[in-house]
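Subject: Structure handover

Hello,

Here is the structure you are taking over. My notes on it follow below.

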Amino acid sequence: MKHNTLSEYIKNFKYIVALTGAGISVESGIPTFRGKGGLWEKYAPETYGTLTGLTKTFLISPSKVVNFAFEFGKLICQAKPNRMHFFLSDLEKKGILKSVITQNIDNLHQKAGNKNVIEIHGNFFRWFCKKCGKEKFFRKSEMMEFLKGMNKIKGRKNLIKKYYEFAKCECGGHLRPSIVFFGELLPEKEYRKAEEEVKRCDLILTIGTSGVVSPASNLPLIAKENGAKLIDINPGESSFRNIADISINQLF
Ligand code: ZN
């Protein structure tokens, strides 16, 4: 189905919600973590996908974490929204797409112009203080400069010092990324908002998400239970294909 056909079909709906996953950002140069060529092939998720794993590894041999953060962070900082991101921002401007629920942390929906983005897995650029809760949003240039700086520094102590300087909050506490790591709970407020949105919608678009990560994978089921239609747009494997009213196996 071409996008103009899709646009024609979806214009009859009043309250559309999109759920997006890693697949939508592949064309922007961010590979998915899972699957062939994904980052988890190179970096063990139990070490690099958990906060305790990352912290422990960083304190023992910080350069390992720096290499990982640099490789991944560079891709995110360089990425630009693609046609699918812009398609969604156009739908929002037309007033029929009410929100984008995303599992991505790359900030690309906002870059494309979407205003109502619910980030259930956090955002690479948004950090918060573990002590006082205050949030800080880093600009792309700040983040890139920090990563480049870290990549140049030699010596364990220097790396640790530089990191804690960067991650220092005004209150004296330490900031951490808002990214939801493996084993962590989803941000409650965001998830609740996502649930409300899928209960309200009359159409849910699942885009570039395999549907294997719970509880995000429950959202389309909640939408269906509440009478919404589902369009699954996914070039790869998707567990939503079975329950989709329309299935599109390519993004563009
Ligand atoms: Zn603080």
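Is Cys132 buried, partly exposed or exposed? Cys132 is partly exposed, with a relative accessible area of 44%; buried means under 20% relative accessible area, exposed over 50%, and partly exposed in between, with a 1.4 Å probe and protein chains only. Cys169, at 9% relative accessibility, counts as buried.

Before the rest, some background. This is a predicted model, in which local features need pLDDT of at least 70 and side-chain atom pairs count only at pLDDT 80 or more, while totals for chains, interfaces and linings use all residues. Residues are numbered from 1 along each chain as its sequence is written, and side-chain values use heavy atoms, with hydrogens and water left out.

Zinc site

Both cysteines belong to the zinc site: the ion is coordinated by the SG atoms of Cys129, Cys132, Cys169 and Cys171, at 2.3 Å. Donors are N, O and S atoms within 2.8 Å of the metal (3.2 Å for Na, K and Ca); water is not among the atoms, so sites may look incomplete. The four donor atoms subtend angles of 104 to 114° around the zinc ion, which makes the arrangement tetrahedral (for four donors, all angles between 85 and 135 degrees). The spacing of the donor residues in sequence is C-x2-C-x36-C-x1-C. Cys132 lies in the loop between S4 and strand S5 (135-137), and Cys169 in the loop between H9 and strand S6 (175-177), so the pair ties together parts that are 37 residues apart in sequence. Helices (H or I, at least four residues) and strands (E, at least two) are DSSP runs, numbered from the N terminus.

Nonpolar core

The largest nonpolar core has 37 residues, and Phe68, Phe124, Trp127 and Met143 have the most contacts inside it. Such a core is a set of buried Ala, Val, Leu, Ile, Met, Phe, Trp, Tyr and Cys residues joined through side-chain atoms within 4.5 Å. Helix H5 (62-78) is among the elements that each supply at least two residues of this core, and the largest share, seven residues, comes from H5. Leaving aside neighbours within four places in sequence, Phe68 is in contact (heavy atoms within 4.5 Å) with Phe33, Leu39, Trp40, Tyr43, Tyr48 and Leu54.

Strands

Strand S2 (residues 97-102) is mostly covered, with five of its six residues buried. Strand S1 (residues 16-20) and S2 pair in the parallel sense over five bridges; two strands pair if DSSP finds at least two bridges between them. S2 and strand S3 (residues 117-119) also pair in the parallel sense, over three bridges.

Regards

Technical notes
Four donors count as tetrahedral if all angles lie between 85 and 135 degrees; four count as square planar and six as octahedral if opposite donors are over 155 degrees apart and all others between 65 and 115; anything else is irregular.
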